[in-house]
Amino acid sequence: MSKVHVFDHPLIQHKLSILRDKDTCVKEFRELTSELAMLMCYEATRNLPMEEVLVETPVAVAKCLHIAGKKLAIVPILRAGLGMVDGMVALMPNVKVGHIGLYRDPKTLEPVKYYYKMPPDIQERDVIIVDPMLATGGSADAAAQFLKESGARNIKLMCIIAAPEGVARMQKSHPDVDIFIAALDDCLNDHGYIVPGLGDAGDRVFGTK
Ligand code: PRP
Ligand code: URA
């Protein structure tokens, strides 16, 4: 069974409370999404393997730690996941970025794929799928499945808000994929929106509503 990590850091919770507010404007929503992604990325990469290196300081040789040669990729689910990329790239400037384009069919709520582009060596990389919202879990489930079909083996999922339904679906379909979130909300409404959630993340990041 995959683990679910809920980040309770005060900075994350404070920013999330502003993100949820219906009166938060597009500019602030974008900035907060990016900042939250950066803070969550910091936590989600806590267990990256390290290796010892020797560094010559102006005074002496210091035994230091580097992140071991593990290759990482982040994979936003379009559109809303794009809002999380800049914050993560700011922390990991050389990270490779794959893209999965999915939208939810408004009737069935099932994901429809319209774009897929990964780094050519994706099978050698640890992957973090990013999307602000894990609702029914259909999009994240499909994204993890496509990545596995491309050979990715070590996959994590990082979302800002999750519904219990989405977590349960991911744990059933992908018990090997650990889930990192800032909040586990109450439920989904009849339209598949997370309650209380924050509304439509893609529309709020891109100002399309
Ligand atoms: C939203 C969100 C997730 C998906 C979550 O995207 O960004 O990708 O819904 O719902 P699920 O867990 O039920 O699949 P949406 O389909 O609205 O597309 P958009 O990002 O282009 O707005
Ligand atoms: N997608 C969103 O953007 N918000 C939700 O609450 C559910 C799915």
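Modeller: Start with the cavity: on a 1 Å grid over the protein atoms alone, it is a set of points where a 1.4 Å probe fits but cannot get out, and lining residues have an atom within 4 Å of a point. This is a predicted model, where local features need pLDDT of at least 70, side-chain atom pairs count only at pLDDT 80 or more, and totals for chains, interfaces and linings use all residues. Residues are numbered from 1 along each chain as its sequence is written.

Colleague: Which residues line the largest cavity?

Modeller: Ala44, Thr45, Leu48, Leu72, Asp126, Val127, Ile128, Asn154 and Lys156 do. Strand 8 (residues 126–130) gives the largest share, three residues. Strands are DSSP runs of E, at least two residues; helices are H or I, at least four. The space is about 50 Å³.

Colleague: And how do I read a pocket?

Modeller: A pocket is an open set of points with protein on both sides within 12 Å along at least five of seven lines.

Colleague: Which residues lie nearest the centre of the largest pocket?

Modeller: Tyr103, Arg104, Met133, Ser139 and Asp200, out of 30 lining residues. Elements supplying at least two lining residues each include strand 6 (99–104) and helix 4 (138–149).

Colleague: Is Leu184 buried, exposed or partly exposed?

Modeller: Buried means under 20% relative accessible area, exposed over 50%, partly exposed in between (1.4 Å probe, protein chains only). Leu184 is partly exposed, because its value is 46%. Leu184 lies in strand 11 (residues 178–184).

Notes
Chains lettered and ligands numbered in written order. Heavy atoms only, no water. Points joined across faces, edges and corners; volume = space filled by probe spheres on them.
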